[in-house]
Amino acid sequence: MKNFAKIIIAILVIFFIAKSCKRSSHSSSSSPTPIAILKGKLKNEQNYSIILEDMDAKNLNTSSEKYLHKYQILKERKDTVLVESTEWYPVTSTYFNKHINDLGMELVTKENGKIHEETVPAGYRGYVGNSRYGEWRHHNGHSFWAFYGKYMFLSHVFNRFNNPYRRDYYDDYRRNYNGRSYYGPNGRKVYGTSSYTGKSSWTSKDQSFKNRVRSQVKISSARRARNASRSSRSTSYRSRSGGFGK
């Protein structure tokens, strides 16, 4: 009888540990993303932009692997634009994988109270094409966006000194990608991680590290998706089967 009681207690302990782990895992996966947190902090702003400024990964292939994002926030003021960098935010492998091609890109824009969440080249909404901040100028048969002297610092913020924004690309975006993410004409990766030349933790890493991260986040993301699917099926089964005593 005593052995039977011990077995029952052991089963209950295992059950509660498993339930606690599952609850902890669910809490982690359902935590708000950094973008959601920042949108909450910026809710009283009428106009702002959130740019993925940097990203990094640590402790790959270990139980303590982690993925990090850092953002840049632009807020419009009457006579200037305020620019600030956030702290590093931990993100899930799934979220990191979702934005792995978006370094230097604008992830969220709020224009006159309306929020847009398509990924576009930094400044494409609100600054490029806006005569308040600059103008199109011709050079070698092409038209490029140039910020006025007062706003020249935005070229640095958007990493455009060595690669100015071309008008034909911008017009392509306006004509053909309304409401959709844009990386360049005809699906080309003209903008984003692959073409980013600014200084960052990510660009300081060698290509082998970047390849390992890309491979690892795909594996981790697939694992998280499978676990979420199993959890969903398990929850659905329990809901259908009902509770004890019914």
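## A buried arginine and its surroundings

The side chain of R125 makes a polar contact with the side chain of E118, at 2.9 Å; a polar contact is a pair of N or O atoms within 3.5 Å, where within protein one must be able to donate a hydrogen and the other to accept it, and residues adjacent in sequence count only if both atoms are side-chain atoms. Keep in mind that this is a predicted model, in which local features need pLDDT of at least 70, side-chain atom pairs count only at pLDDT 80 or more, and totals for chains, interfaces and linings use all residues. Residues are numbered from 1 along each chain as its sequence is written, and side-chain values use heavy atoms, with hydrogens and water left out.

- R125 sits in the loop between β7 (120-121) and β8 (134-139); strands (E, at least two residues) and helices (H or I, at least four) are DSSP runs, numbered from the N terminus.
- Is R125 buried or exposed? R125 counts as buried because its relative accessibility is 11%; buried means under 20% relative accessible area, exposed over 50%, and partly exposed in between, with a 1.4 Å probe and protein chains only.
- Leaving aside neighbours within four places in sequence, R125 is in contact with S49, E106, T109, E111, H116, E118, V120 and Y173, where contact means heavy atoms within 4.5 Å.
- One of those partners, H116, is found in strand β6 (residues 114-116).
- H116 is buried too, with a relative accessible area of 14%.
- Not counting residues up to four places away in sequence, H116 touches L107, V108, T109, E111 and R125.
- H116 and S49 are 67 residues apart along the chain, and their C-alpha atoms are separated by 9.5 Å.

**Strand β1 and its partners**

- In strand β1 (residues 48-58), 10 of the 11 residues are buried, so the strand is largely enclosed by the rest of the structure.
- β1 pairs with strand β2 (residues 66-76) in the antiparallel sense over 10 bridges; two strands pair if DSSP finds at least two bridges between them.
- Which residue of β2 is the bridge partner of M55? The partner is H69.
- β1 also runs antiparallel to strand β5 (residues 105-111), joined by 4 bridges, and here I51 stands opposite E106.

**The nonpolar cores**

- The largest nonpolar core has 26 residues, of which Y124, L154 and F158 touch the most other members; such a core is a set of buried Ala, Val, Leu, Ile, Met, Phe, Trp, Tyr and Cys residues joined through side-chain atoms within 4.5 Å.
- The elements giving two or more residues to this core are β9 (142-147), α4 (153-157) and α5 (167-176), and α5 gives the most, with 3 residues.
- A second, separate core of 25 residues includes Y48, I50, I73 and F209.
- F158 touches I51, L74, A122, G123, Y127, F147 and Y165, leaving out residues up to four places away in sequence.

- Y169, Y170, D172 and Y173 are buried in α5.
- Seen down the helix axis, the buried residues of α5 fall within an arc of 155 degrees, so they line one face of the helix; the arc is that of the directions from the helix axis to the C-beta atoms.
- R174 and R175, on the other side of α5, are exposed.
- β7 and β8 are among what covers the buried residues of α5.

**The whole protein**

- The protein has 6 helices and 9 strands, and buried residues make up 39% of its 246 residues.
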